[in-house]
Amino acid sequence: MKLWSTTHTFRHAWETVTQAVWRKYPNDYNPHVKAIDVIDRHVDDEGRLVTKRVMGTQWNLPSWAIYLLGLQDMCYGIEHSVIDPKARTMTLKGRNLTFSGLVGIEESLEYSQHPEDKNATIMKQEAVVTVFGLSFSSYCEKLITETYENNSTKGRQAMEHVIGVINQEISDLAAGIEQATTKLNTEIEHATAVINSELNDIAQGAKSGFEQATRLNTAFCEQTTS
């Protein structure tokens, strides 16, 4: 059995990081993940979002290792995740389904809001690799663990890329809202000016008509009293 673990701090808010987790695949940094299917998703009694996904991956191991281990080109695993908005945590636990009797891989990740900085998120990642029934199992476990470590580095790069995309989308949305608001305010100001002008014309017309009626009434009165 081989244990591997790492900790990383993302300088981004927990909400942004957890959004990036859902949008992490596919990406150019982790091309080994080829397919993802959500097979269950619900909110439990505690208000947590619980999701189960099946993932198809290519391990990118050397061809001789794939041959000796009897692995397929596409391997499948299952992932259970829980998002707790109150505790500000997202936990993911995954294990391989393909050849689980020969190679056992259990992975866990936790994303939690930094206790001292609400604009930062701590990621804790662990993987336990176990190869069964081979005389050189330790070497194979080391090889798979090194692959995990390499993929973890690329995974953090992928997360930063996705977070950048999310931030850009938010910026574009804010700019779009600002532009739309400015346009709407301009249209309101123009419409208000037109309405005020028309009201002023109506008032001037009414005033002119009233003055003319007053003059005619005065003249009529003068004629009837003369």
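Two strands count as paired here if DSSP finds at least two bridges between them. Strands (E, at least two residues) and helices (H or I, at least four) are DSSP runs, numbered from the N terminus.

**Ground rules.** I'm working on a predicted model, where local features need pLDDT of at least 70, side-chain atom pairs count only at pLDDT 80 or more, and totals for chains, interfaces and linings use all residues. Residues are numbered from 1 along each chain as its sequence is written, and side-chain values use heavy atoms, with hydrogens and water left out.

**Hairpin.** I started with S2 (residues 33-43) and S3 (residues 49-57), which run antiparallel and are joined by 9 bridges. Val-33 has Thr-57 as its bridge partner in S3. The S2 and S3 hairpin has 5 residues between the strands, and Gly-47 takes a positive phi near 80 degrees there.

**His-114.** I found His-114 in the loop between strand S6 (103-113) and strand S7 (121-131). Is His-114 buried or exposed? I get a relative accessible area of 19%, so His-114 is buried (under 20%; exposed is over 50%, partly exposed in between, with a 1.4 Å probe and protein chains only). Leaving out residues up to four places away in sequence, His-114 touches Thr-9, Ala-120, Thr-121 and Ile-122 (contact is heavy atoms within 4.5 Å). Its side chain also reaches the backbone nitrogen of Asp-117 at 3.4 Å.

The largest cavity has a volume of about 730 Å³, taken as the space filled by probe spheres set on the points. Of the 36 residues lining the largest cavity, Tyr-25, His-32, Thr-57, Glu-107 and Tyr-148 are the closest to its centre. Which element gives the most to this lining? I see H3 on top, with 8 residues; helix H3 spans 137-225. By class, I logged 17 nonpolar, 12 polar and 7 charged residues for the cavity lining.

**Pocket.** A pocket is an open set with protein on both sides within 12 Å along at least five of seven lines. The largest pocket comes out at about 150 Å³. I noted its lining residues, including His-80, Lys-93, Arg-95, Glu-106 and Glu-126. Strand S4 (75-84), strand S5 (89-96), S6 and S7 each give two or more residues to the pocket lining.

Terms used: A polar contact is a pair of N or O atoms within 3.5 Å; within protein, one must be able to donate a hydrogen and the other to accept it, and residues adjacent in sequence count only if both atoms are side-chain atoms. On a 1 Å grid over the protein atoms alone, a cavity is a set of points where a 1.4 Å probe fits but cannot get out, and a pocket is an open set with protein on both sides within 12 Å along at least five of seven lines; lining residues have an atom within 4 Å of a point. Ala, Val, Leu, Ile, Met, Phe, Trp, Tyr, Cys and Pro count as nonpolar, Asp, Glu, Lys and Arg as charged, and the others, Gly among them, as polar.
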